[in-house]
Each structure stands twice: as C-alpha cells, then as structure tokens.
Amino acid sequence: MYPVSEAYKAAIRARTRTDRVTGTLTLTDGTVLPLTAAELMSGSLTLDNQCVTGEELAFGCAYLGQAALNLRTALSRHAFYGARLCLAYGLQLPDGQWEEVPLGSYTVAEAERRALYVSIKAYDNLLALQRRYDGTVLQGTAYELLGQIADACGLTLGQTAGEVAALNENAALVCQIGPEDGLKSWRDCASAVAQLVGGFAAADRAGRLVIRPFAAAACAALGPGDRSEAGISDLRCHYAALSIETANGRFAAGNEQDSGLTMTITEMPLAEKGLPEMRAQIAEHLFAVLQKLDYTPATVTMPGDPALELGDRLALPTADAVPETLVTHLVWKFRGEMTLKGVGKNPYLAGAATHTDAQLRSLQKQAGANKIIYYSFTNGSDIKVKD
C-alpha cells in the first residue's frame, strides 16, 4: 500500500469525499498540457494492472499497467503518440488540506479521435522493457542484474541493494543471463530476476523499475461497510511445496504429500545453470516465501482507493471469520468503483495436470539436452604468476 496518513485512510472510507485528479501530458514536441477533471470526460479515467497472468499465484510476472482516458481537446490524435502522461489523485482531508497520491507515469501508445474527445490508452514504464533483448551477457546479484537491465532500457532502478536483498536470500546469488537462456525481450530478463527473488516486476509510481513481493501481513481491513460487493471463496490457498522442473533435473522444497498446493515452475532461466546444490537452495529459499502466503481467493468491489497496490494483503471481515486475500488484479476508476481480485488454485484440483503441460516439459528436456552453455567468468582480484 502506498504510504498515506491516518487522516487519508479515514477520509477515503467516509460516506462522502471531495477529490480531484491532476496531471500533465507532455507531447513529443515539448508542449505540456495540464490535466484536471474538467479536461476529462466523466467516468473515463481508468487504471488497470495485474501481477499474475493466469488464474493461479505465480512468481516473475512483468505486466504492463494501463491508463485509459477520454480527453476533451481539439488536437489531432497524432499529436499524442509517445506523449508522457503523469497523474496524481488528490483527496481533501477533514481539516481542509489536500493529500496527493501519485498514480504513475505512462507513455501514450494509442489515441483515437472521436467527435468531442480523443480516447487515449497509455502504458507504464515497463513498456521500455519491450525492446528486443540483444543477447548482452548480464552477470551479478539480483540488484546488479536489475541495474544493468534498467540502464540498457533507459530506466531508473527504484530500489537500493539492501531493499532487493531483503526480498529473498536468492538475491545474494551471483547469476548470469545470456543469449543461451532463450529470452526474447528485456522484459523477460526483468521477469527472470523477479522470479528468482519471489516477486513480480513493476514500474513504481515514479516510473522506476522495482521488484515487489506479495505481502505476508494485511495492510488494511475492508469490512462490509467499506465494500460494495465481495465474492469470497470457501477455499484457502495453502502452499505445502514448490517444485522447479529444469532440463536436467527437478528440485523441490516442502512436503508434496501434504494436503496443500504445490507451485510447479516449469520455466525458470536462472535455475537452469549452476550446481545441483545451488539450484536446490533456490527452491528452498523460494518456498520460504511461498509458505507464508496462505490466503483466500476473492473479488471485491468498493469505492476507489488508489493507495492500494498489487501484492497487498487485505483482510475481509465477515460475520464468522476474517479471511485475507492477495491483490493480484486491480481496476480503479476515478469517481467510480474499484475492483480488486485475488486469484488462486482450487486445492481439490491440485493434482490435476494437463496433457499440454506434460508435452511442454518433455520438449523442454529435449531442447536442454542439445544446448551448449558458455559461462563468462571475471576474476575478483589480480592474479600474480611467479617469473
């Protein structure tokens, strides 16, 4: 959750509120257009983002956040391509002061002219990672790899070495990304690093590259009076084991005989190399994070609160229990309702595997058997040879 004051938390849950949206739209020719609610068609501003691609919890997603709005303007739609969009949400507190919550930095990728407005779709700064990966060899810890990825794509890394190291013990491993890993874009590279440390890649509200974890503790409680509607599952996602399947071996952690779920990772570039002991250690460290993420899948509709973020854990009190869910999908609409979703696999179907999964694993092993891997080593210090 974006850090906000207690006064903000009280005001955003009040039955009435006074709020605003401000921002700028910087065109490629340098023209800066100020934005307020008056320039936007009513109900058109929407932010849409997610941190898993399927209907099951996963590590390593790098999803593009999207902003959509309808702008009242006489300018041609062609003027908006590549423009930089920066937005902020303002909420008036009981004492009359305004508290601002940044909504992010976006690049306009689509613009369509209508009679009274231009319909705009923009994507956050992960769009810069969509460039084709050129095979440059990257080497170092998770923090160093992220820095190299950010530099290659013209982004700023939004975390310190200590913050990345705190995500997972795997962050301290020295790893290498190269052309033999089969990664197609720089976004795939960031995804591989996020997977290694048990989080997901994202652009923060300042547009910087970050890796975010899934929260182990609830940051807010949404009681019946704070939500319009809630669909809370009767099942609980409890992960009892984690399995990494590589081209030349399988590495597991936890107890697969337990009644809980098993997260199976069939594609993990940074676990395809190194000694078996190191790869088994990667699985153990990832499972140490995973086993703390017990949660209940749910879908919640509520008055919008843009301070909530992907990966947040929310408590959903009911008459007989207080289930908690993880935010994996988020849709926020200015002066409209917000939809939060936490997806999860049904434990009763935990043992089910599709024929397609088996075929993909078989192909992966066949391809790995014919792969030649080159390692790049750098001496940590000078070596002196006698005479």
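Trainee: How do the axes of α2 and α4 cross?

Mentor: The axes of helix α2 (residues 142-153) and α4 cross at roughly 165° and come within 10 Å. That makes α2 roughly antiparallel to α4. On this scale, angles under 35 degrees count as roughly parallel, over 145 as roughly antiparallel, 65 to 115 as roughly perpendicular, and the rest as oblique. Axes are lines fitted to C-alpha atoms, for helices over the stretch in contact, and angles run from 0 to 180 degrees between N-to-C directions.

Trainee: What am I looking at here, and how are residues numbered?

Mentor: This is a predicted model, in which local features need pLDDT of at least 70, side-chain atom pairs count only at pLDDT 80 or more, and totals for chains, interfaces and linings use all residues. Residues are numbered from 1 along each chain as its sequence is written, and side-chain values use heavy atoms, with hydrogens and water left out. Helices (H or I, at least four residues) and strands (E, at least two) are DSSP runs, numbered from the N terminus.

Trainee: Back to the helices. Is the crossing of α2 and α4 left-handed or right-handed?

Mentor: The crossing of α2 and α4 is left-handed. On the α2 side the contact is made by Ala 142, Leu 145, Leu 146, Ile 149, Ala 152 and Cys 153, and on the α4 side by Trp 186, Cys 189, Ala 190 and Val 193. Left-handed means that the near helix is turned anticlockwise from the far one by less than a right angle, and right-handed that it is turned clockwise. Contact means heavy atoms within 4.5 Å.

Trainee: How many residues of α4 are buried?

Mentor: Nine of the eleven residues of α4 (residues 186-196) are buried, so this helix is largely enclosed by the rest of the structure. Among them are Trp 186, Ser 191, Gln 195 and Leu 196. Buried means under 20% relative accessible area, exposed over 50%, and partly exposed in between (1.4 Å probe, protein chains only). Just after α4, Gly 198 has a positive phi of about 75°.

Trainee: Which residues have the most contacts inside the largest nonpolar core?

Mentor: Leu 25, Phe 80, Leu 242 and Trp 332 do, in a core of 112 residues. α4 gives the most to this core, with seven residues. A nonpolar core is a set of buried Ala, Val, Leu, Ile, Met, Phe, Trp, Tyr and Cys residues joined through side-chain atoms within 4.5 Å. In soluble globular proteins, nonpolar side chains tend to be buried together.

Trainee: What does Trp 332 touch?

Mentor: Not counting residues up to four places away in sequence, Trp 332 touches residues including Val 21, Leu 45, Tyr 89, Pro 306 and Met 338.

Trainee: How many bridges pair β21 with β17 and with β20?

Mentor: β17 and β21 pair over six bridges in the antiparallel sense, and Pro 303 stands opposite Glu 337 in β21. β20 and β21 also pair in the antiparallel sense, over three bridges, with His 329 as the bridge partner of Lys 341. Two strands pair if DSSP finds at least two bridges between them.

Trainee: New topic. What is the strand order in the open sheet with β14?

Mentor: The order is β15-β14-β16, three strands with mixed pairing. β15 (249-254) and β16 (261-265) are the edge strands, each pairing on one side only. Neighbouring strands of this sheet are turned by 15° against each other on average, direction ignored. Helix α5 (residues 276-290) packs on the sheet and touches β14, β15 and β16.

Trainee: Last one. Is Arg 313 buried or exposed?

Mentor: Arg 313 counts as buried, at 2% relative accessibility. Arg 313 lies in strand β18. The C-alpha atoms of Arg 313 and Val 327 are separated by 6.4 Å, and the two residues are 14 residues apart along the chain.
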